[in-house]
Amino acid sequence: MTPIKTLSLSAAATLMASAAFGQTLTINSFGGAYEEAHRKCIITPFEEATGANVQVVTAYSADGFAQLRAQRDAPQFDVIHFSGGQEIVAAAEGLLSPIDPASLSNVDGLVEAARPNLEGGEGPSYSIVALGLLYNAEVLDGPANWTDLTNPEWFENLVLTDMSNTYGMQGFLMLNQALGGSLDDIQPGLDAVAEMLDGGAIVVSTSPEIMQEFAQNDAWVAPYSSDYAFVLQDAGLPIGFNQAAEGTPGVYITANLVAGRPNQELALQLIDRSISPEAQVCFAEEMGYAPTNVNAELTGETAENTPFGAEALAGLVRFDPQVIEERRSEWVDAWNRTIAR
Amino acid sequence: MTDRQENLLLVLPGLLLLAVAFFVPIAQMLVLAFQGPEGPTLDHFRRFLGDEFYLGVLWRTVKLSTLITFWCLIIGFPLAYIMARVGPRARLWLVVMVILPLMTSVVIRTFGWMVVLSRSGLIPSTLRDFGLVGRSFSLMHTEAAIVIGMVQVLLPFMALSILGVMLRIDPRLEEAARTMGCGFLQAVRTVVFPLAVPGIVAGSLLVFTLSASSFITPNLLGGPRVQVLAASIYRQVTQTLDWNFAAAQAVILFAGVLLVLIPYIRLARRADG
């Protein structure tokens, strides 16, 4: 076969394989190590399989949700990923499209908790993160309780996360609850945070900053997530992760279909790939995420490091996303006043 | 086609761009700022002005912008003077040196400062080695960090504004002052400085307004705990989704900057004339 013929044949094959060739999807991702894994496990394989082009905008959930709301009349995202439960509110506001379970080939493997309301527009969760206590294992034995964070001896080496970050919000709510507060009363948490800051604790906003604090700036302990504990360990740092006794908030990362976009069929394919066993095994290997698809089989070390199974998922605390969205503005305001110098 | 028509045609693209990209959003912002659930209202402004927290944020913005302008002037004036007095070849190199940082993104320059100022960064660890500061000392997330970072970012605007004016000052004036018995500093103070005022004013205005409205550097170096007005607006827009209040804050920032500009321009005019 002449080279030209080969070329044209393979070109034809590629074209036939993908009606999506040349189409563009716009999605958000969360930056840092997460975005790298996201590209490796989902985005790049998706582009290769479909020939579509995926544009990634780095935006955390709260940011992404704000953008989605602002673009109500002319949405720019095709698929939007949330970690803070924003899909529940976004779906209620009609910003997300209902998903017909039949349109997702991998839907049957999903655990019940990962697909609470597809028909209502809440996208499936493709990974679950546990929030607990990250600590420097060379310095500390490992805190066992959320209330241990109020130990003044640790304040100078304690890293807190801003409320603009889902992990920060959820970790704060858990600390607040452990200190006797509730979703109706976050004052106990705020008082504790004020004390920590007076004692020298610092506040950061993003995951890479948390990593930097542990890697370079002598951080001992931080209420944060299992995925970044995994990434730090992977980088060779002596980082431990404890699920604290009072409870482990679970963060459900969801892939949602944005309403009013022309490429919904292609977007659904991307969502389908997110919940596929291959993508979830890859994500578990890269970041230690608990898969939500029972067909995702983890082996060896990955299996040991990843909480998985219906019993592990059932034990996770979930704060009511509806209440969080209703009170977010008030809380963020109170939080800002508390942390402001 | 008459000259007038031709001119109009030439100015049209610029005008259109201004209208679409500047006046329309500003108008929208003004509308938002005065919009309440029941018709026009001043509530958002009352909320801002009646709240110590937000007044504190405003005060910090003004204070830091003033400090940044001051330091840019202190560093930029001698720099511009030297640049104006050396030969053309050396001037070219100096100008390149001043402009070079502008070629990289402000995020990257700021990130450099984050590395230098953080707890294990060059400056805090050196101070710690000399036993001057405590173990957890860090310059990150302080007002000083914002000033340091912003001065570096904005210095070119000041230096180049002054340089433009300085180059037009006849060196013979200074020479004359020196032959009449002025010392070097006296000559600079009584001859060069007054003649350079228009450049100083232009540079200061640029630096002040840019730093009052800048967001990236203060946010990265100040962290979530040291908020300036632009960061506060960003938070209202993206987190609490209170756009009306955010717009009101933007109007206050806008008005504040105008308020500073007007007397400054008057002053400059008097000095000029």
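Okay, let's start with the nonpolar core. The largest one has 106 residues, and keep in mind that this is a predicted model. Which residues have the most contacts inside that core? They're Val79(A), Leu134(A), Leu158(A), Val221(A) and Ile271(A).

Strand β4 provides the largest share, 8 residues.

Now zoom in on Leu134(A). Leaving out anything up to four places away in sequence, Leu134(A) touches Val221(A), Ala222(A), Tyr224(A), Ala229(A), Ile239(A) and Phe241(A). Val221(A), remember, is also on that list of residues with the most contacts inside the core.

There's a second, separate core too, with 57 residues, and among them are Ala84(B), Leu117(B), Ile146(B) and Met166(B).

Domain 1 of chain A covers 3-128 plus 251-317, and domain 2 takes 130-249 plus 320-339. Their C-alpha centres are 27 Å apart. In the contact, you've got 21 residues from domain 1 and 24 residues from domain 2.

What supplies the domain 1 side? You'll find α2 (32-50), α3 (61-70), α4 (86-92) and β11 (316-317) of chain A, each supplying at least two residues. α2(A) gives the most, with 3 residues.

And how many charged residues are on that side of domain 1? None: the side touching domain 2 has 12 nonpolar and 9 polar residues, with no charged ones.

Definitions and conventions:
Residues are numbered from 1 along each chain as its sequence is written. Chains are lettered from A and ligands numbered from 1 in the order in which they are written. This is a predicted model: local features need pLDDT of at least 70, side-chain atom pairs count only at pLDDT 80 or more; totals for chains, interfaces and linings use all residues. Domain bounds come from an automatic or database domain assignment. Two residues are in contact if their C-beta atoms, placed from the backbone, lie within 7 Å. Helices (H or I, at least four residues) and strands (E, at least two) are DSSP runs, numbered from the N terminus. Ala, Val, Leu, Ile, Met, Phe, Trp, Tyr, Cys and Pro count as nonpolar, Asp, Glu, Lys and Arg as charged, and the others, Gly among them, as polar. A nonpolar core is a set of buried Ala, Val, Leu, Ile, Met, Phe, Trp, Tyr and Cys residues joined through C-beta atoms within 7 Å. A residue is buried if 20 or more other C-beta atoms lie within 10 Å of its own, exposed if 12 or fewer, and partly exposed in between; C-beta atoms are placed from the backbone.
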